[in-house]
Amino acid sequence: GIPLLLASLYGLLGPHLWVARGIIIVLQLLTIPLAGLLTFELLGQNERAGRWTAWIAALYPPAVMLAGQPYSQHLTTVCLLATAYFWLKGLREERLGPFFPAGAALGIGILARPSMLSLCPVLGLAALCTAWSRRDPTKRGLGRFKLRFVVNPTIAFMLAAGTVLPVMLHSLSTGAGWAISTNNERNFFLGNNRYTPIYKTGHFAMRGHRDLEPEVRDYLIRITHAEDKKQLMMREALGHIRNHPFLTLLRTANRLRAFWGFDYLASRQIQQHKGWGVAGLGVLLAIEAGGYILLMLAAIAGVADCLRSRNRMPVVGMLALVFAYQLPYALAHAAGTYHFPVVYLLIPFAVVTFLQLAAKQTRATFLTATVRAPATWAAIIVFLALQAEYLYFTARHAG
């Protein structure tokens, strides 16, 4: 997705650094109204909540610190927000119109990060659940259900497929097979081989060969530079998984936890660029990682509050999208940077917490309910434990 976008703009404006930075900043700016609109739709047309969400999206430290850097996370975030917002709007209003931008955003998002493919079952299930909840009890059989809840999402899925198909045809014509991404075999192999670290399974993907031990370096070079490297990488990974099922389960559990580790990518890059020491990195991490942790703690409390209310379906649906997006990263390798897009789906719940605390008439009730909820405290403790674990392994592999 990002290479296609940049290549198109370079063709029009020239291959300049300001072009790359400019389009990424535009994408980041788009996340602000989209996040606000999603909250407005999710929380029952609450304009105040939408404005709070927009401000948080504008000031979210990991996003501000990555401003202008051409990562695929920015395009993915825009597409993820647009898909969720327009899909929810289309289901609520029972109109076809919103499903066109939802389908286009889904297709472009899949090109940006194929992990968005895993959202399709959740989106389809959301349409079926909505059709069931709005069935006509006075009728019998299939006549009770509105056909638009099947037709409209199907059109959106077809539009998404039409966006992805030309790329797959190009991959086929160049000998890569029916592939959306030609890098997935490498990611799968690096996350599942005899030398892959137990916890930081993406370590080899983030290090040059010169930074690795000679035995590991020679092994990776032999596999990744072979003539039939794609087939060889898949055979090596699948063979290792079959021969070490319990180790694979352990790595999978580790990847599921590492996905929620704190952001530190921008802090590390700024530190290296500026030549700052440990103290400088600490200040940067307090901003980047601290901003993420604060937002997530508020989101956990907000989710618990929303689940105590009567209208739980939008909350459950949004959480299903979040965890569906995470699933592919449990198969290859995971790191905290990959959660960047789905955090924006959780901002509405953080806003619920902030609004409850800001209002005098609800503050005491909200705090009392939160303090008396063992499940909420358990979720907070688990999340903080994940951050401690992530910090330990990040520091361990830092050299």
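Reply: Let's start with V151, which sits in helix α8 (helices are DSSP runs of H or I, at least four residues long, numbered from the N terminus). This is a predicted model, where local features need pLDDT of at least 70 and side-chain atom pairs 80 or more, while totals for chains, interfaces and linings use all residues. Residues are numbered from 1 along each chain as its sequence is written, and side-chain values use heavy atoms, leaving out hydrogens and water.

V151 is partly exposed, at 35% relative accessible area (buried is under 20%, exposed over 50%, partly exposed in between, with a 1.4 Å probe and protein chains only). Together with L125, L128, L147 and V150, V151 makes a nonpolar surface patch of about 460 Å². Such a patch takes residues with over 30% relative accessible area and no salt bridge, joining nonpolar side chains (Val, Leu, Ile, Met, Phe, Trp, Tyr) within 5 Å. Both α7 (119-133) and α8 (148-173) supply at least two of its residues.

Now for charges. R148 and E94 meet in a salt bridge, 2.8 Å from N to O (a side-chain nitrogen of Lys or Arg within 4 Å of a carboxyl oxygen of Asp or Glu). That pair links helix α8 to the loop between α5 and α6 (99-112), 54 residues apart. R148 itself is partly exposed, at 35%.

Within it, E41 and R92 pair at 2.2 Å, N to O. E41 is in α2 (17-42) and R92 in α5 (72-93), so this pair ties together parts 51 residues apart in sequence. E41 is buried at 6%, whereas R92 is partly exposed at 37%.

Key: Patches are made of residues with over 30% relative accessible area and no salt bridge: like charges are joined within 9 Å, nonpolar side chains (Val, Leu, Ile, Met, Phe, Trp, Tyr) within 5 Å. Accessible areas come from the Shrake-Rupley method with a 1.4 Å probe; for residues, only the protein chains shown count as cover.
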